[in-house]
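Subject: Structure handover

Hello,

Here is the structure I promised to pass on. My notes on it follow below.

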Amino acid sequence: MHELALTEYMLRTAGRAAEENGAKRIRTITLSVGIYSGIIPEYVENCFREISGGTAVEGARLIFNELPAKFRCRKCGGQSH
């Protein structure tokens, strides 16, 4: 389950950012996720609830921004969305 690893990384990153900026609490975390990343937002939310207890992000709202796919032809270098 790569959502758990992603969530753990997100918590470490948010915790460092809070510490570096003197914040005691983080209320919102925004994630930009590619449409074909394989990340399932509901799984991330479930993992987040399970492992965020007692941290600066406990109870934070997660916002997922879906990024469109970009494709590039290996032969001609052309790109499309």
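The cover over the buried residues of α2 includes α1, β1 and β2. Buried means under 20% relative accessible area, exposed over 50%, and partly exposed in between, with a 1.4 Å probe and protein chains only. Helices (H or I, at least four residues) and strands (E, at least two) are DSSP runs, numbered from the N terminus. Contact means heavy atoms within 4.5 Å.

Some ground rules. This is a predicted model, in which local features need pLDDT of at least 70 and side-chain atom pairs count only at pLDDT 80 or more, while totals for chains, interfaces and linings use all residues. Residues are numbered from 1 along each chain as its sequence is written, and side-chain values use heavy atoms, with hydrogens and water left out.

Helix α2

The buried residues here are Val44, Cys47 and Phe48 of α2. Viewed down the axis of α2, they fall within an arc of 105°, so they line one face of the helix. The arc is taken over the directions from the helix axis to the C-beta atoms. Arg49 and Glu50 are exposed on the other side of α2.

Helix α1

α1 has 19 residues, which at 1.5 Å a residue should span 27 Å. Its end C-alpha atoms are 27 Å apart, which agrees. The expected span is 1.5 Å times one less than the number of residues in the helix. Glu3, Thr7, Met10, Leu11, Ala14 and Ala18 of α1 are buried. Down the axis of α1, its buried residues also lie within an arc of 105°, so they line one face of the helix. They pack against β1, α2 and β2 (61-67). Glu19 and Glu20 are exposed on the other side of α1. Gly22 follows α1 and has a positive phi, near 70°.

The core

Which residues touch the most other members of the largest nonpolar core? They are Met10, Ile29, Phe48 and Val57, in a core of 14 residues. α1 (2-20), β1 (28-34) and α2 (41-51) each supply at least two residues of this core. The largest share, 4 residues, comes from α1. A nonpolar core here is a set of buried Ala, Val, Leu, Ile, Met, Phe, Trp, Tyr and Cys residues joined through side-chain atoms within 4.5 Å. Take Ile29: not counting residues up to four places away in sequence, Ile29 touches Met10, Ala14, Phe48, Val57, Arg61, Leu62 and Ile63.

Thr7 sits in helix α1. Thr7 is buried, at a relative accessible area of 0%. Its side chain reaches the backbone oxygen of Glu3 at 2.7 Å. That is a polar contact: a pair of N or O atoms within 3.5 Å, where within protein one must be able to donate a hydrogen and the other to accept it, and residues adjacent in sequence count only if both atoms are side-chain atoms. Beyond residues up to four places away in sequence, Thr7 touches Val44, Cys47, Phe48 and Ile51.

Ser52 lies in the loop between α2 and β2. Ser52 is buried as well, with a relative accessible area of 3%. A polar atom of the Ser52 side chain lies 2.7 Å from the backbone oxygen of Phe48. Setting aside neighbours within four places in sequence, Ser52 is in contact with Leu11, Val57, Glu58 and Gly59.

The aromatic pair

The count comes to 1 aromatic pair. The ring centres of Tyr36 and Phe71 are 6.4 Å apart and their planes are at 55°, so the pair is tilted. The rule: rings of Phe, Tyr and Trp (its six-membered ring) pair if their centres lie within 6.5 Å; planes under 30 degrees apart count as stacked, over 60 as edge-to-face and the rest as tilted. The pair links distant parts of the chain, 35 residues apart: Tyr36 is in the loop between β1 and α2, and Phe71 is in strand β3 (residues 71-72). Tyr36 is exposed, with a relative accessible area of 67%. Phe71 is partly exposed, at 45%.

Around Ala69

Ala69 is in the loop between β2 and β3. Its relative accessibility is 16%, which counts as buried.

Best wishes
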